[in-house]
Amino acid sequence: DVYKRQEAGLLATSERAEEPYDRFRNRLMFTIRDLRDRPIAYGGRVLGRSDDRTPKYINSPETPIFHKSRTLYGLNRARHAMRRDGMGLVAEGFTDVLSLHAGGFPGAVAPLGTALTVEQGDLLKRYATRVYLLYDSDQAGLRATFRAADVLLAAGCHPMVVSFPAGEDPDSVLRGQGPDALRAYVDDAVDVLERKLQILERQGYLDSIEGRRRAVDGLLSTLRAVKDPALLDIYLGRAAERTGVRRDTLVSEVARQRLTPRPRRPVETGDDSTAGTEGPVRDAVERTMLLLLARDRGLLEAAVESGLENRHFRDAVARGIYEALLATGEGDLSLEGEHAEAWETIRKDDSEVTHPREAFTETVRRLVHRARMDRLAQIDRELELADEEQARRLLVEKE
């Protein structure tokens, strides 16, 4: 009935019409199926030319049985071939996947009109360790390729980039040149890091100091995404060799970005959190310090004696409030704007702080020694990636 068709996304409503209308009118339909081969959604390609107001492709909306970010078109048919061959192919759209299957490439799938998601990367890893990306070779296609490659690396897959001539895609190659030609393109695929290096070299980035700096920036997203330790070691060596940047430096840059947020803990521990971190001061440990000072201004002298200075506050608002406290002592603070708003919010915070003296001591310690503690954590992350010589240097620094 009409309600079920609306719930399934086949019908849609509009403020300009009383009756529901066919969401997929004047479109070529593609059935999207789950792994048990049951239809769960549809994709539709507009017939004829699309204008700026009419999207070329649309999919069914999210429903209880269809989640776009967790579904790959064609996986119901491709998964067995992927598992058998240990490799999969990711194309951009429905027609590419259909052409690839018909042309003798049964391991082909496609995301559903969006960039490859983390969930889709994990799904691919279940069936294949090596994944070939068959996207367009224009700028938009390359951006999509490199984004998808980072997702695959984080999932534990090894992405390979297939490069087509300008204006060509899997469907056009198969129709115009045949399966053997497409197979040759797949056989010529290169590792994603190697493809990035090829492009950077061709565009002259490796010919100057500034260019090499920018080249490293372009490589870091790929290096940071790698989950496989052996592959990361190979990548680090290759990137250092081609860019001329020391491997130690690359290790440091990769480790610096592999930060994982520490779990929130109650305020009474004096640790990295307060009861809430909403409001202008979002750094949890700095907010805790200001909360303690707001309740007992006599702690200010002890903070100064412990070496707490305004430079230890990274949040600009928190730093401004602390500077005002230092200037005023136990008198009324003269604050304006977001500083006044933040101080008032902190003063009204009624979170319970047990053992405030112990909490104060621990919070001061964390602020004063935070840079050193951060560096110790950084060294530990670098040690996971370092070669033997660099590891020795890091251990000396850590000691």
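What share of the contacts in the protein between residues at least 6 apart in sequence join residues at least 24 apart? The points below begin with the answer.

1. Contacts along the chain. Of the contacts in the protein between residues at least 6 apart in sequence, 61% join residues at least 24 apart; a contact here means heavy atoms within 4.5 Å.

2. Basis of the note. This is a predicted model, in which local features need pLDDT of at least 70 and side-chain atom pairs count only at pLDDT 80 or more, while totals for chains, interfaces and linings use all residues. Residues are numbered from 1 along each chain as its sequence is written, and side-chain values use heavy atoms, with hydrogens and water left out.

3. Overall make-up. The protein has 18 helices and 10 strands, taken as DSSP runs numbered from the N terminus (helices: H or I, at least four residues; strands: E, at least two). Of its 399 residues, 45% count as buried; buried means under 20% relative accessible area, exposed over 50%, and partly exposed in between (1.4 Å probe, protein chains only). The accessible surface comes to about 21,800 Å², and 48% of this belongs to carbon and sulfur atoms. Accessible areas come from the Shrake-Rupley method with a 1.4 Å probe, and for residues only the protein chains shown count as cover.

4. Aromatic pairs. The structure holds 5 aromatic pairs, that is, rings of Phe, Tyr and Trp (its six-membered ring) with centres within 6.5 Å; planes under 30 degrees apart count as stacked, over 60 as edge-to-face and the rest as tilted. One of the pairs is formed by F30 and F94, which are stacked at 4.8 Å centre to centre with 15° between the planes. This pair links distant parts of the chain, since F30 lies in strand β3 and F94 in helix α3 (residues 94–102), 64 residues apart. F30 is buried at 5% relative accessibility, and F94 is buried at 6%. Ring pairs also link F30, Y57, Y73 and F94 into a cluster.

5. A charge over a ring. The charged end of K196 sits over the ring of F146, 5.3 Å from the ring centre. The criterion is NZ of Lys or CZ of Arg within 6 Å of the ring centre and within 35 degrees of the ring normal.

6. Positive phi values. N26, a residue other than glycine, has a positive phi near 60°. N26 lies in the loop between β2 (17–22) and β3 (27–33) and is exposed, with a relative accessible area of 52%. D37, likewise not glycine, has a positive phi near 70°. D37 is in the loop between β3 and β4 (39–46) and is partly exposed, at 33% relative accessible area.
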